[in-house]
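This briefing sets out strand pairing, helix packing and aromatic contacts for the structure shown below. Please read it alongside the sequence.

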Amino acid sequence: MGILSRLAGQFIDVIEWTDSGSNTMVYRFNKEGNAIMMGAQLIVRESQVAVMVNEGRIADVFGPGRYELSTQNMPIMTMLQSWRYGFNSPFKAEVYFVNTRQFLNMKWGTSNPVMMRDAEFGMVRLRAFGVYSFSVADPKVFLQQVFGTAQLFTTEGVSEYLKRVIVSSLSDVLAESKIPALDLAANYGELGGYALSVLGPKFTALGLRLNSFSIENISLPQEVEQAIDKRSSMGVVGDLNRYTQFQTAEAIRDAAKNPNGVAGMSAGLGIGAAISQIMQQAQAQIQPQAQNSQPAYSAQTDLNALQSTPPSDTKFCPECGQKIPRSAKFCPECGTKQS
């Protein structure tokens, strides 16, 4: 009985993996040296794929489900092992369970500034960070290109490489998007969607799928931010001439309230000149407006003026033309009766 129990313990009759971690990507079924019984149960859970490897070569791939291993559902293994029909002997193979669920909240960021050519500011150095999510799309390609033959593979094993892929492509994404530096903050969604399309093929080459890509922040250099602040302030001010006049008047008023000290003396001496200058500037702005507002000349204007002029106290004689008082009954020159 002891020998039979020991022999039975060398054969594997159930193959399964219960994922106990949140970042495990690949797990190798660990019963090294033991043979798999023909007819053994292979249990593949949701969000898992089982890959059978024979002597370093990828053989059959099993999706979620329960399988009874036989030559019928292991066609590649049967071909590689040259098994004859009805083969029932134990066999040796490696079984890898690949986690196909999404790995969320993967962080990325620029350790060094990324260069961007902007039409207004020229070459600009940017820093950015955000999150992305990915999953294994092609287990065979992923095992061939990334995993290897380790016992366990987690997201830490690939995240650093993926960060470098993202950052190296970010310059191209920013340049091809042609979004001005001033408008980057308002277009994070558009940039994230464009980056998703650019980075997708690079993930696919590794057997992965980039499911989402988000930009949380893009920071500009300090000098560019200062230029943006100045431009925003000028936009709020509006008419710069009127703003300057207003600021000067405010400064004169504040100085006049404090006549003590050197500053007060200076303000007192210069207050007249400053006010005069302000009034001259205001008059220079008013004169063109007054000229533009004068009405055009017309004969009707003169006629209206004559009609509106009050009558004088004298009149002229219709006979001789002599100037006579308006109240006279007869002309003193020719004696003609006046109407």
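Strand S4 (residues 48-54) pairs with S5 in the antiparallel sense over four bridges; strands are DSSP runs of E of at least two residues, and helices are runs of H or I of at least four, numbered from the N terminus. Two strands count as paired if DSSP finds at least two bridges between them. The model is predicted: local features need pLDDT of at least 70, side-chain atom pairs count only at pLDDT 80 or more, and totals for chains, interfaces and linings use all residues. Residues are numbered from 1 along each chain as its sequence is written, and side-chain values use heavy atoms, with hydrogens and water left out.

**Five-stranded sheet**

- Val-51 has Val-61 in S5 as its bridge partner.
- The open sheet that holds these strands has five strands in the order S5-S4-S7-S2-S11, with antiparallel pairing.
- Its edge strands, each pairing on one side only, are S5 (57-62) and S11 (152-154).
- From one strand to the next, the twist averages 20°.
- Helix H4 lies across S2 and S11 and runs at about 40° to S11; contact means heavy atoms within 4.5 Å, and angles run from 0 to 180 degrees between the N-to-C directions of axes fitted to C-alpha atoms, for helices over the stretch in contact.

**Three-stranded sheet**

- A further open sheet consists of three strands in the order S1-S3-S6, and its pairing is mixed.
- Strands S1 (11-15) and S6 (65-68) form the edges, each pairing on one side only.
- Neighbouring strands of this sheet are turned by 15° against each other on average, direction ignored.
- S3 (residues 35-44) and S6 run antiparallel and are joined by four bridges.
- Leu-42 stands opposite Tyr-67 in S6.

**Helix packing**

- The axes of H4 (residues 156-177) and H5 (residues 188-204) come within 9 Å and cross at roughly 130°.
- That angle makes H4 oblique to H5; angles under 35 degrees count as roughly parallel, over 145 as roughly antiparallel, 65 to 115 as roughly perpendicular and the rest as oblique.
- Residues of H4 including Leu-162, Val-165 and Ile-166 meet residues of H5 including Leu-191, Tyr-194 and Ala-195.

**Aromatic pairs**

- The whole structure contains 11 aromatic pairs; rings of Phe, Tyr and Trp (its six-membered ring) pair if their centres lie within 6.5 Å.
- The ring centres of Trp-17 and Phe-97 are 6.3 Å apart and their planes stand at 40°, so this pair is tilted; planes under 30 degrees apart count as stacked, over 60 as edge-to-face and the rest as tilted.
- Because Trp-17 lies in the loop between S1 and S2 (24-28) and Phe-97 in S7 (residues 94-99), the pair ties together parts that are 80 residues apart in sequence.
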